[in-house]
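Okay, thanks for coming, everyone. Let me put the structure up and then I'll talk you through it.

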Amino acid sequence: MKTRKLLSVTTTVAAIAMVGLALSGCTSSTKGASTGTQTDSGGKITVWVDAPRVPAADAFKKAHPEIPINIVQIDSTVGATTTEQHFAQFDAAKKGWPDAIFFPSNDDIAWAAKTGYTANMSKLTPDLVAGYTKPVLAQCFIDGKYQCLRNDAAPDVLWYNATLFKQWGYTVPTTWADYQSLAVKIATEHPGYISGFTGDAYAPNRYLWASDCPTNDQVNATTVHINLADPKCTRASDMLSTLVGAKALSTDGIFDADATVAGQKLVMSPGAVWWGNYLFEQTWKLPKGSMQAAPGLSWPGASSAQMGDEGGGLWGFSSHIKGKELKNTEVFAKFVASDPAWQVDLTTGLPAFTAQQQPWLTKQAGDDFYADTTATLATFAPAIATVPTDYAYLLYDTGGEWTSTIAKDLAGGKSFSDAWTDFGTDLTAKAKAAGYTVVTSK
Amino acid sequence: MTTNTVQARVGAGAPSRAPHRRAHPLMRRREVAGAWTLMFPYIVLLLIGGVIPIGYALWVSFQKSPTLLEPDLTGFGGLAAYAKAFTDFRFAQSFIDIFSVLIIWMPVMIIAVVGLALLVHASPGRFGSIMRFIYYIPGALGGVANLMLWVYLLNPSQSPISGFLHALGLTTIKQVVATPGDLAVILSAMLLLQGLGQWVVTVNGGLNSIPDEILEAASLDGANAWQLAWRVKLPMIRQWIGYTALLNLAYGFQLFLEPYLLNQVASGALPSEYTPTQLGYWFAFVGHDFPSAAAMSVIIVIITLAIGLIVVFRSGLFSVEEH
């Protein structure tokens, strides 16, 4: 009886609320994409950076004390959706966006461009855009205009442990077929030593992007081409299947805490140029003089190397601002993209901005971390040209699908072919859920 | 309290009511005014935290369902958002996932809560209150602190139970959480440790409300501690158990934080839309589709309400029937 009475009270209250809601006119809109009007703070800028980019913002503050700046550190987990959540709420509220952001995942540029957040850099800072080579900025070219600037170039090279190679008498592979057979040989002759990682969101970039497998192939604004049965995919998946079967790869991801242990047993792997500095030297603390980079690998029948690209972060700038706030944001853009105080002195990756690449390489040469530092650094800038440029960052997160299917299945002991099937099913389903039409041939 | 208990023991079936008292109209009006005054703060909070958001969610859920590729889909959309949520490829799986957690967690939780509360109640004095405090401690580690504790427990390279994890062939935290079937058990264990203590305290409160005379009478009749617990105390705290079951079910059904953060700990090696609330989150903040997210919330509210109403009206746990 008591509950019934309570229910009737609740119903009354609910009815009052509904009427109130109806009377309030339900004015708010749920529409996602809206540029709205541009505002001016009077000069103060707000920048969102992930943990490794905090020094960039701090260096800017030091270099430009006249510009008031609010530095916000954001969740830097690759594949995290926290930043996107904030932006979806800003879009709904039509205010609150930061003036500049370092996107935690490169895929973020897709929704940021679609929601109208990112400013047209071709128009805003054409001289900055002109300071990059075309391939390095290819993923920023969205809907006919450059919508982001690149912090660092992150093409893959072939990393190997020169000490172990010398000791065991191996020759450095130059083709993906050589890489495969040597990796199997290493796993047989020296069990426990590994030739790569499958557990992180960059793994599909390392192997599938390198193979030009259509996972992120945009046909037009609303259509994508995904076909994991394509020969360009199967040559990579067959290789991975063999390597996983031979226990030549670690199921860890490169950023896992456990990878510090596995990393000590890394004999070779395709990996981004920033692996040297960030992973080997700073995170895993591998011995000085052991690691070495070689130029990329080529697929059968091809004469030149073809490699993937892992990150190489993107800076986005707000289209919602004007006046002094916009001017100051442009100064910030110029600083983080091209100023040596950040791009040479502090950053761990090869600068994407062409003019700063040589000064950065010269500085790295002084560090002399590698077995042959000159030869290692000589592979970095040319590697940019080995990356297929038709890969687009899209509204579905290929790296995230990889970790939640393949990384999960392999860690859980499933076979690679089962994991590959799961990945294909999920990737297509996610692309469709994001609203794309998926075609299997172009 | 006493009248309630007596009624609980005597009353049979629904129609039994306390005799109507004809109060003076003025007295009655004052009583009503007093009741409303007492209820006012609750009603305000209910409106702000419950009724208005649910009303807003209902309204949003009947809008057209946009995507970032079709942001112009606005206006009244009928059941389109519900259709989209229902036909999503993760919809059924997310409910299977959450039920696989609930089916492990709920029985263990209820048995543990009631069992421990009876034990605490049967051990009066200092020992009982110390135990009650010890059981409560893990519950004080709410939210993120609880998660950090679990990350430490589940990591084979740091865990005090690393021997056990290694014996299962698990050497990394990713393997621990990503091995099929592990996640539901881990989440159940997390929920259990987090909630157990405070519910033991709650049910213990129920046990304390049993009048001493009844327990004394039972003892005089020759009931031992076991019979006292099983035949006297347990039937008399049925409502408390029902309340525990109901609130825990509602809480567990909306599981979000634990699987969301565990996924980050495992470097993304878990499904990012494991539970229905996570799928709702995806619709809102990754799919940029608030109507479908609202539809998911409404579906979850309906299911939770339905379970709640079944518990309240059908199970007899809240009724005044005699045991």
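**Starting from one threonine**

Leaving out neighbours within four places in sequence, Thr198(A) is in contact with Ala203(A), Val244(A), Leu249(A), Thr251(A), Ile406(A), Ala407(A) and Leu410(A). By contact I mean that the C-beta atoms, placed from the backbone, lie within 7 Å. Before I go on, the housekeeping: this is a predicted model, where local features need pLDDT of at least 70 and side-chain atom pairs count only at pLDDT 80 or more, while totals for chains, interfaces and linings use all residues. Residues are numbered from 1 along each chain as its sequence is written, and chains are lettered from A and ligands numbered from 1 in the order in which they are written.

Back to that threonine. Thr198(A) sits in the loop between helix H8 (176-189) and helix H9 (203-209) of chain A. One of its contacts, Ile406(A), is 208 residues away in sequence, yet the C-alpha to C-alpha distance is 7.9 Å.

**Zooming out on chain A**

Chain A as a whole has 18 helices and 15 strands. Of its 442 residues, 50% count as buried. If you take contacts between residues at least 6 apart in sequence, 77% of those in chain A join residues at least 24 apart. The C-alpha atoms fill a box of roughly 80 × 60 × 45 Å along the principal axes.

How is chain A split into domains? The assignment gives domain 1 (45-150 + 313-348) and domain 2 (156-309 + 377-439); the bounds come from an automatic or database domain assignment. The C-alpha centres of domain 1 and domain 2 of chain A lie 28 Å apart. Across the boundary, 16 residues of domain 1 of chain A are in contact with 17 residues of domain 2 of chain A. On the domain 1 side, those residues divide into seven nonpolar, six polar and three charged.

**A sheet and a helix**

Next, an open sheet in chain A: five strands in the order S2-S1-S3-S13-S6, with mixed pairing. Strand S2 (69-73) and strand S6 (149-150) of chain A stand at the edges with a single partner strand each, so one side of each has no neighbour in the sheet. Strands count as paired if DSSP finds at least two bridges between them. Strand S1 (residues 45-49) of chain A runs parallel to S2(A), joined by five bridges, and Val49(A) has Gln73(A) as its bridge partner in S2(A).

Now helix H15 (residues 354-367) of chain A, where Gln356(A), Gln357(A), Trp360(A) and Gln364(A) are buried. Down the axis of H15(A), these fall within an arc of 110 degrees, so they line one face of the helix; the arc is that of the directions from the helix axis to the C-beta atoms. They pack against helix H13 (323-338), helix H14 (340-343), strand S14 (350-351) and helix H16 (373-383) of chain A. The face turned away carries the exposed residues Ala355(A), Gln358(A), Thr362(A) and Gly366(A). After H15(A) comes Asp368(A), with a positive phi near 50 degrees.

**And chain B**

Last, the chain interface: 42 residues of chain B are in contact with 45 residues of chain A. H2(B) gives the most to the chain B side, with nine residues. That side divides into 25 nonpolar, 14 polar and three charged residues.

Definitions and conventions:
Two residues are in contact if their C-beta atoms, placed from the backbone, lie within 7 Å. Helices (H or I, at least four residues) and strands (E, at least two) are DSSP runs, numbered from the N terminus. Ala, Val, Leu, Ile, Met, Phe, Trp, Tyr, Cys and Pro count as nonpolar, Asp, Glu, Lys and Arg as charged, and the others, Gly among them, as polar. A residue is buried if 20 or more other C-beta atoms lie within 10 Å of its own, exposed if 12 or fewer, and partly exposed in between; C-beta atoms are placed from the backbone.
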